[in-house]
Amino acid sequence: MTKPKNKPAPVAQTGSDTFQYDAIIIGTGPGGEGAAMNLSKSNKKVAVIERQESVGGGCVHWGTIPSKALRHSVSRLIEYKANPLYRFAEKPQRHTFQDILNHASTVISKQSNLRSSFYERNRIHLYQGNASFVDQHTIKVEHIDGSQDLITARTIVIATGSRPYRPPEVDFAHPRVYDSDTILSLKHNPQRVLIYGAGVIGCEYASIFKGLGAKVDLINTRDRLLAFMDAEISDALSYHFWNSGIVIRHNEDFARVETRDDGVILHLKSGKRVKADCILFANGRTGNTNGLNLPAINLKADGRGQLKVNENYQTEIDNVYAVGDVIGYPSLASAAFDQGRIAADAIAHGECADKLIIDIPAGIYTIPEMSSVGKTEQQLTAAKIPYEVGRAQFKHLARAQITGTEVGSLKLLFHVETKELLGVHCFGERASEIVHIGQAIMEQKGPGNNVEYFVNTTFNYPTMAEAYRVAALNGLNRLFD
Ligand SMILES: Cc1cc2nc3c(=O)[nH]c(=O)nc-3n(C[C@H](O)[C@H](O)[C@H](O)COP(=O)(O)OP(=O)(O)OC[C@H]3O[C@@H](n4cnc5c(N)ncnc54)[C@H](O)[C@@H]3O)c2cc1C
């Protein structure tokens, strides 16, 4: 990424104000990209600032994409080892984290190059450097060579993402102590991995290391795994982790991390000690607002570095917007992209008719995978909504038998009177794809949202979509007058 060739940028005339750009976007993750592309499509003059060498954000370089590529390689490896077709083939030697990182690196560079071409094609000026506020229309860009630029815009969009929370007393400079960003630089081949924090990232990496053959200890600060998921689905994950040999310890808090040349010992407040070759800290994230010089515009982040916004993603400062992880929930790449797009519409047209959907799907790429959209049984029960449950087990589906992906199930929750689909919960291979069929029906307003659709339509056969027909029939058969 280079400085724009045609600097200084032509001035954008905006009423009585004169600025170089209509909008400056800080950060090129999905939030920044969504905003930049949509503003450019609205014929706005846009500059984007990124402190990394290439575009894509945490999403492409150290978050979503690498973890999913690693997970995919591990899951294919497991599948290969389990497939009877290959039982006489020479057994693959044990693969290391480094081996599977090669595949991830290829995907990262393909994604980054592709996204870079979007900026070029849309004639968006890219600045490489650290951005900070001078005033509410002026941003200082500090380049890697020490030079600086001051650029101005009518509107600024903060899309700076988040970083792993690092407890100050833990020595993250030690070569055996990692967080979810630095784990990608792991060079040794750990036989025993300790993961502190059993949220989505902790559970996904537990699956990856277990799949590579390491012994995994997963330390959970809560009393169950992924409590925001439907209890049956998170119980299924707990069972599969237990069955694969992952040791989960619930309700634990760390007291200190003792580092040694060959590993770490985690001392827990409960008095337990756990030893491993390395530790991955995956316990919370902080918004990237610390380097933005927010006091210059009288804007304050909360204790977790996050910014408050209204429904148009506007902060307390009229011309400053914020999208993506820096505003907190749901902290997903999927949502960040849409938030950027919606904010851009609000900036370009004064308001945006589109809003982020309420039921954002969750896709959790553990082994096995899980995904859900809509309400859980626990939420519906608490809200006293009369619902019925329809279930399909993957092991009964022809497609699952053919592909050897028989572990898993689909659960549909629907209103007993209106038959409106209220929740879709899926566990098993391709869950995060399968859930979208249910999501499409759930998003229909009025009579279009009816679980009977799955019984009355014709899906390709054999496919995993058959699970919808089976689950719908299972649930509808439970209804009585
Ligand atoms: C291990 C892991 C797995 C994940 N898996 C998933 C998943 O499966 N699905 C999903 O939807 N989400 C997933 N996420 C979350 C997802 O990656 C984030 O929600 C998403 O990247 C947020 O996008 P963003 O645009 O807000 O920020 P980011 O993608 O983090 O991009 C922010 C960019 O801003 C830049 N920046 C920051 N400060 C400055 C500054 N001062 N000046 C210039 N540039 C700056 C950064 O360098 C970065 O490039 C995962 C995250 C992690 C860590």
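**Exercise 1. The lining of a pocket**

Find which domains each give at least three residues to the lining of the second largest pocket in this predicted model, and then describe the space and the residues around it.

*Solution.* Begin with the domains: domain 2 (177–283) and domain 3 (368–476) each supply at least three residues to the lining of the second largest pocket. Next, take the space itself, which comes to about 670 Å³. The lining is made up of 26 residues, and those closest to the centre of the pocket are Ile-78, Glu-79, Ile-367, Pro-368 and Val-407. Turning to the elements, two or more lining residues come from each of α3 (64–82), α5 (200–211), α6 (231–244) and α9 (398–403), and among the contributors α3 gives the most, with five residues.

**Exercise 2. The setting of Ile-24**

Decide whether Ile-24 is buried or exposed, and work out which residues surround it.

*Solution.* First locate the residue: Ile-24 belongs to strand β3, which covers residues 21–26. Then consider its accessibility, where the cut-off for buried is under 20% relative accessible area; because the relative accessibility of Ile-24 is 0%, Ile-24 counts as buried. For the surroundings, set aside the neighbours within four places in sequence, and the contacts of Ile-24 are then Ala-47, Ile-49, Ile-139, Ile-151, Thr-152, Ala-153, Thr-155, Ile-156 and Val-157.

Methods. Residues are numbered from 1 along each chain as its sequence is written. This is a predicted model: local features need pLDDT of at least 70, side-chain atom pairs count only at pLDDT 80 or more; totals for chains, interfaces and linings use all residues. Side-chain values use heavy atoms; hydrogens and water are left out. Helices (H or I, at least four residues) and strands (E, at least two) are DSSP runs, numbered from the N terminus. Buried means under 20% relative accessible area, exposed over 50%, partly exposed in between (1.4 Å probe, protein chains only). Contact means heavy atoms within 4.5 Å. On a 1 Å grid over the protein atoms alone, a cavity is a set of points where a 1.4 Å probe fits but cannot get out, and a pocket is an open set with protein on both sides within 12 Å along at least five of seven lines; lining residues have an atom within 4 Å of a point. Grid points are joined across faces, edges and corners, and a volume is the space filled by probe spheres set on the points. Domain bounds come from an automatic or database domain assignment.
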